[in-house]
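Hello,

Here is the structure I promised to pass on to you. Have a look at it first, and then read on for what turned up in it.

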Amino acid sequence: MLTILFDGIAYGMLLFVLACGLSITLGLMNFINLAHGSFAMAGGYCTVILVNRLGVPFALGLPIAFLITAALGGLFERTLYVHVYARNHLDQVLFTIGLVFMSVAAVDYVMGSSQQFVLIPEALQGQFIVFGVGMSKYRLLIILICGLLTVGLQLMIAKTRFGSRLRAAVDDQRVARGLGINVGAVFTLTFAFGSGLAGLGGALGAEILGLDPTFPLKFLIYFLIVVTVGGTSSITGPFLASILLGIADVAGKYYVPKLGAFVIYTIMILVLIWRPQGLFARSAAR
Amino acid sequence: MVRSYFLVAAAVALGLSAADTAFAQDTVKIGFILPMTGQQQSTGKQEAAAIKLYMAQHGDTVAGKKIELIIRDDAAVPDNTKRIAQELIVNDKVTFLAGFGVTPAALSVAPLSAESKTPEIVTAAGTSIITEKSLYIARTSFTLAQSTVPMADWAADNGIKKVVTMISDYAPGVDAEKSFTAEFKKKGGDVLESIRFPLANPDFAPFLQRAADQKPDAIFVFVPSGQGGTFVKQFVERGLDKAGIKIIGPGDVMDDDLITGMGDAVIGTVTAHLYSADHDSALNKAFVAAFKKANDGMRPNFMAVSGYDGMHLIYEALKKTGGKTDGDSLIEAIKGMAWESPRGPISIDAQTRDIIQNIYIRKVEKKNGELYNVEFATFPAVKDPVKAAEQK
Amino acid sequence: MAPLADDVSAYLARRARWSPLEVAFWIFAFATIWLFPGKHLILTETAILALFALSLDLILGYAGIISLGQAAFFGLAGYFAGLVAKYGIVNEPVIALVLAGWVAAALGFVTSFLVLRGSDLTRLMVTLGIALMLGELANRFSNITGGADGLQGVSIGPILGVFRFDMFGHTGYIYCLIVLFICFFIARRMVYSPFGLSLRSLKGNPLRASAIGIPVNRRLVEIYTVSAGCAGIAGALLTQTTAFCSLDVLSLERSADLLLVLIIGGTGYLYGGLIGAVIYKFLQDWLASLTPQYWQFWIGLVLVVIVLVGRERVEEWTAILRASISRLGARLVTRPATVGGAAPDGR
C-alpha cells in the first residue's frame, strides 16, 4: 500500500517536471504550446545518444540533456514562436501541432521508430526495502531530483530578481514593460528553462514511460491535464495537481485495474466542470 | 476562389493519371499493404526490408511472368486498408494482396478477397479467425495461440504451478490470455489472477505490485512489441526476479529488433516463439547476414521472416500453376505447400490454409556482446490450436 | 424605421442567394461521378471528410469554439450505425443514418454544457477528454464494439431497398455526395438566417451580443448540438460505405487532422471544409506515395508555414482573387437590379 503511494508520488513528480514548463509558458505568455512534449522527447533522445552511444555517464548525461534542450527551446523561441505570440489561440494550437508532426517524423527519420532504452547505471537498479516497504532506487532518484527542482524553482521565483521580473511580467505585461523590464528576454529565458525541464523529464522518464517518436502525442494529454487541473498562476498548483493525479492514477490502476485509465480523465472532467480555471488557481480567471 | 482553380487543376491532373495504361498480361502485381507509419511502423519496416531482400535474391521473373511489387502504407487503420485494397484490386489489378500488420486490417479486406477471388496472404497479423473469413486467405506469419499454448505446456511440465497473467487490454492480449489460461488449467496449473492494463499504459508499477502480492511462480506477460523491455525492467526494478518469480510469455515481448537495447535485466527470460535470429541453421545464418548487410546492421525479427516466407509462397505458387493467375488455381497450389524457412520447417495446412511451424522455447542470453533468444526446446509442427480444437 | 428594415432584409436576401461560383462548384462535384469512375473510393472518403469538416466549421468558424473532440460524435454515430446494421435492428441505411445523427446530436446536447464554461484551453481539454473517454469505453466494451479488431459482420442493406452497395464504391459515393449536399444545404440556410447572424455576432463579441438580447449560451448549445449531429452523420456514412467500424474513429488523430483540413480550406464560409478536405486528401495521397513514411513531416510543415504567413493574409489574397472572379462572373451572368448597387462579396 505504501509502495503504491511511493510509486504514485514518483510518477506525479515526473509528470510535474515534464509539465511545469508548459504551465509557466501558458501562464506567462498566454501561449498554448502543444509541442511541449517534443522538447521532452528531445531530452530523452539526447540522453540515449549520450549515454548509450557516446558512453557518457548517466549522472552527466542528465544535465547535458537539460542544457541542450534548453538551448533548443531558446532558439525556437527566438526564431519561430515569437512570431506567433500575438495570434489567437487557434493559430497557436495549429502552429504547435504542426511542430509536433514535424518533430515526430524527423526523429523517426533520424533515430528510427523503435523503442529506445537508456542504459541506467547498476547502482540505480533494484530497490531498497525500508520497514517492509519496497522503494525502487530509480524512483527514489526521481523524487529527489524533482523535489530539489521544485524547491529550487520556488526559491528562484520568490527570492531572486529574475523571479520577481517573471512574476511581474505574468501579472501585467504592459506595466512590466513600462517599468523597464525586458519582457522579451524574460520570455526567452523562461521558455528555454521550461523546455530544458521538459527535456530533463523526458530523459528521466524514458526508463518508466518508454521513449519512441510518438512520445509527444502519447503524453500530450497528461501534460494538458496537469496544467488544466493545476491552473497556471503558480508553481504549487501544477505541483499539487501532478501529485494528486500521479497517486490517483497509480492507486486507481492497482485497486481497480478494470477502470485504470478512466480515473485520470474523469478527474479532469469533474475538475473542469467544478472549477474551470483549475483547482489551485487564484479566482481571477485567465 | 483561387482554391476552386486549384481543385480543377488537381482534378484534371488526377484524371490524366488515372488513365490506366494497360500492362502486358505478362506482369504479375503483388500488392503489399503494410503499416509504414504509426504505432506499428516497425512491423512495416521489417517486412518491407525482407520482401525487397527476397526479390533481390530470387530475381523478378517467375514462370515467365515479371513480378511487380507495390507497397502501400495503411498506418494500421482498417479503413485505409480496405480502401487501398479496393484500389489495388480495381485500379492496379493485383494478383495477390499481402501484408496486413494488424488483425483488423486483415479482417477488413477479407470480404474483398472473397468477392474478387484474390488470394490474401497474411504476413503479419496473428488472430486465429482470420483464415476462416475467406477461402482465399493463407497465412505465413503465426497465430498467437501457436506460441501461448506450447508456453503453457512447457510451464506446466517444468514446475510452474501458479501463474498471474498480465496483458495489454486489446484483442491480441485477450487472445493470448485466453489460450494460455485454457491450456495451463488443462494441465493442472492455477491462474491466480488475470490482470489487464490499458494499451496506452505509461507505468506498469501498480500492476506489477498487484501481481507480486499474489506470490505466483511465474508471470505470463503479453504487451505490444515496444513495451516488453520496459515491462521487464520495471519487473527487475521491484526485485521480483529476486523473489523467485519467472517471466514467461510469447516471444513478442522479446523482439529481436529491440532486445539488445533492453539491457542485461532481461537475461534469463523464457519465451515461446516461431523465430529467433539466433536459430541454428545454415539457411538462417545466411538470411540474417544478408538482411543485416542490406539494412545497416538491423537484425531481422519474426515479422521479417514472415514477409520473406510470404514472398516465397507467392513465387512457388506461381511456379506450381505455371504462371496461371486466377485465384482458385493459386489457392489450390498454396494448400499443403511445405518448405524450409529461415525459422525452420514450415507448411501450409491444406484444410485451414494456416501456417504449421515449429515453436521453440528459448531463453535470453548474451552472445558476443549482444542479446539473443537462444532456443533450447522445440515443439514440432504446431498447428493453430484454436482451429485444431474445433476440428476435433 | 420600415425602409431601413427593408434595406437590411433585402441585403440579407441578396447575400443568401447562390452565387454562380457555388452552382458551378456543385455541378462539378456531381460531375465527378462520371468524370472519375476509378477514383470513387478516395472521393467517398473525401466527401465524408468534407462533411466532418463542415461540422467543425459550424462551431469553429461561426461560434468560435475550438474543439479537439469532434471525433467523439463521429465515432459514436459510426458505431451506432454499425451495430444497428449488424444486429438487423434497422436494415435500411437512410433510416439508420438519420437515427445515428440524432444519437450524436443527443451526446452533443448533453456535453454542450461543459463547453460553455472556461477559456479556450479548457474547452480544448474538455472536448479532448470526452473523445478519449469514449475511446476507452469502446475498448472496454469490446464484446459489443469488437474492440481493437473492429466491428465484425456488418452488412449494409440496399439504400431505400433498391440500391446495393458495390465493391467499386459507386453506390457509396453517390450516396455520400447526396447526403453531403443535403446537409450542406441545411447548414447554408442556417448560417444565412437570423440564427446564423446571431452566431456571428456572439463570436465577435459575446458580451455585446448578450447586451443586445441574444441568448449567448442557448445559441452555443444549439449550434454545438447541430454540429454534433452533422459529425455523427459523417461517421455513420463511413461505417455504411466501408461496412466496418474500429476504434480509430474516436482517436485524437482524427480530430487533429480535421483541424488541419479546416485550416487549409479556411473557416467561416462553409466551403472551407469541403475545399480543405479535397486538398488534404489528395495532398496526403500524393505525399504518401512519394514518401510512405515521412509525409507527416510535410503536412506539419504546411501547417507551420500557413500559420507563420498568417491565415488572414492568405485569406486576403484569396479574397482579392475571389472578388475579381465574381466580378467576371457577374458580367457573364446578368443579375436583376439590386438596391444600393452590387453587394460586396463578403462572408
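Let me start with a detail in chain B: Phe32(B) stands opposite Ala98(B), a residue of β4(B). Please keep in mind throughout that this is a predicted model. The two strands behind that detail are β1 (residues 27–34) and β4 (residues 96–99) of chain B, which pair in the parallel sense over four bridges. Both belong to an open sheet of six strands in chain B, with the order β2-β3-β1-β4-β5-β6 and mixed pairing. At its edges are β2 (61–62) and β6 (137–139) of chain B, each of which pairs on one side only.

Just after α8(B) comes Gly239(B), with a positive phi of about 75°.

One more residue of chain B deserves a stop. Pro385(B) lies in helix α12 (residues 385–391) of chain B. Is Pro385(B) buried or exposed? Pro385(B) has 21 other C-beta atoms within 10 Å, and 20 or more count as buried, so Pro385(B) is buried. Leaving aside residues up to four places away in sequence, Pro385(B) touches Ala145(B), Gln146(B), Val149(B) and Ser179(B). Leu53(B) is 332 residues from Pro385(B) along the chain, and their C-alpha atoms are separated by 32 Å.

Now to chain A, which has 11 helices and two strands. From the N terminus on, its elements run α-α-α-α-β-β-α-α-α-α-α-α-α. The radius of gyration of chain A is 19 Å, close to the 19 Å that the globule rule gives for 286 residues, so chain A is as compact as a globular protein of that length. Its C-alpha trace spans about 60 × 45 × 35 Å along the principal axes. Of the 286 residues in chain A, 55% count as buried. Among the contacts in chain A with a separation of 6 or more, 77% come from residues 24 or more positions apart.

A helix pair in chain A is worth a look too. The axes of helix α6 (residues 161–171) of chain A and α8(A) come within 10 Å and cross at roughly 105°; the two helices are therefore roughly perpendicular to each other. Where they meet, α6(A) brings Arg165(A), Leu166(A) and Ala169(A), while α8(A) brings Val183(A), Val186(A) and Thr190(A). By class, this contact has four nonpolar, one polar and one charged residues.

Finally, how do the chains meet? The contact takes 29 residues from chain A and 31 residues from chain B. On the chain A side, the elements giving two or more residues are α1 (2–29), β2 (133–136), α8 (183–209), α10 (236–255) and α11 (260–274) of chain A. Of these, α1(A) gives the most, with four residues. By class, the chain A side has 11 nonpolar, 13 polar and five charged residues.

Terms used. Residues are numbered from 1 along each chain as its sequence is written. Chains are lettered from A and ligands numbered from 1 in the order in which they are written. This is a predicted model: local features need pLDDT of at least 70, side-chain atom pairs count only at pLDDT 80 or more; totals for chains, interfaces and linings use all residues. Two residues are in contact if their C-beta atoms, placed from the backbone, lie within 7 Å. Ala, Val, Leu, Ile, Met, Phe, Trp, Tyr, Cys and Pro count as nonpolar, Asp, Glu, Lys and Arg as charged, and the others, Gly among them, as polar. Axes are lines fitted to C-alpha atoms, for helices over the stretch in contact, and angles run from 0 to 180 degrees between N-to-C directions. Angles under 35 degrees count as roughly parallel, over 145 as roughly antiparallel, 65 to 115 as roughly perpendicular and the rest as oblique. Two strands pair if DSSP finds at least two bridges between them. The radius of gyration is taken over C-alpha atoms; the globule rule is 2.2 Å times the number of residues to the power 0.38. A residue is buried if 20 or more other C-beta atoms lie within 10 Å of its own, exposed if 12 or fewer, and partly exposed in between; C-beta atoms are placed from the backbone.
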